[in-house]
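Here is a short briefing to read alongside the chain. Have a look at the sequence and the structure, then go through the points by topic.

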Amino acid sequence: KGPVVVYFYPAAFTKGCTLEAHAFAEATDEFKKYDTTVLGVSADKIDVLNKFSVSECGSKFAVAADADTSIMKAYDSVRANPTQNTAGTRRATPPR
């Protein structure tokens, strides 16, 4: 019901992703004023994300495990990391 903010992050418990999770958790009440739901998505395993959701997100919003990156690919949010032979999330900021 209502709009959904989906944000993608490379890995739970990393510095940047933890800061981002804290910012979304702090803004949750503002999103709720507009009947907006926040959902964080990463390729981490669900047991890691369950811990991250509680400790870093304050259980303020849902997190989803996208182990095969199919959700991230559907939103064009996967970028290759050729130096590590891995994939990560592509950071994007909407135009103002």
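Phe13 is partly exposed, with a relative accessible area of 42%. Keep in mind as you look around that this is a predicted model. Two loop residues are worth a visit, and then the chain as a whole.

*Phe13*
- You will find Phe13 in the loop that links β1 (4–8) to α1 (15–33).
- Although Phe13 is not a glycine, its phi is positive, at about 70°.
- The relative accessible area of 42% falls between the 20% and 50% cut-offs, so Phe13 counts as partly exposed.

*Thr69*
- Thr69 sits in the loop between β3 (62–65) and α3 (70–74).
- Here too the residue is not a glycine, and Thr69 has a positive phi of about 60°.
- Is Thr69 buried or exposed? With a relative accessible area of 14%, which is under 20%, Thr69 is buried.

*Fold of the chain*
- The protein chain contains 3 helices and 5 strands.
- Read from the N terminus, the order of these elements is β-α-β-α-β-α-β-β.

*Contacts, burial and surface*
- Taking the contacts between residues at least 6 apart in sequence, 60% join residues at least 24 apart.
- The protein chain has 96 residues, and 32% of them count as buried.
- Its accessible surface is about 6,400 Å², and carbon and sulfur atoms account for 55% of that area.

Terms used: Residues are numbered from 1 along each chain as its sequence is written. This is a predicted model: local features need pLDDT of at least 70, side-chain atom pairs count only at pLDDT 80 or more; totals for chains, interfaces and linings use all residues. Side-chain values use heavy atoms; hydrogens and water are left out. Helices (H or I, at least four residues) and strands (E, at least two) are DSSP runs, numbered from the N terminus. Buried means under 20% relative accessible area, exposed over 50%, partly exposed in between (1.4 Å probe, protein chains only). Contact means heavy atoms within 4.5 Å. Accessible areas come from the Shrake-Rupley method with a 1.4 Å probe; for residues, only the protein chains shown count as cover.
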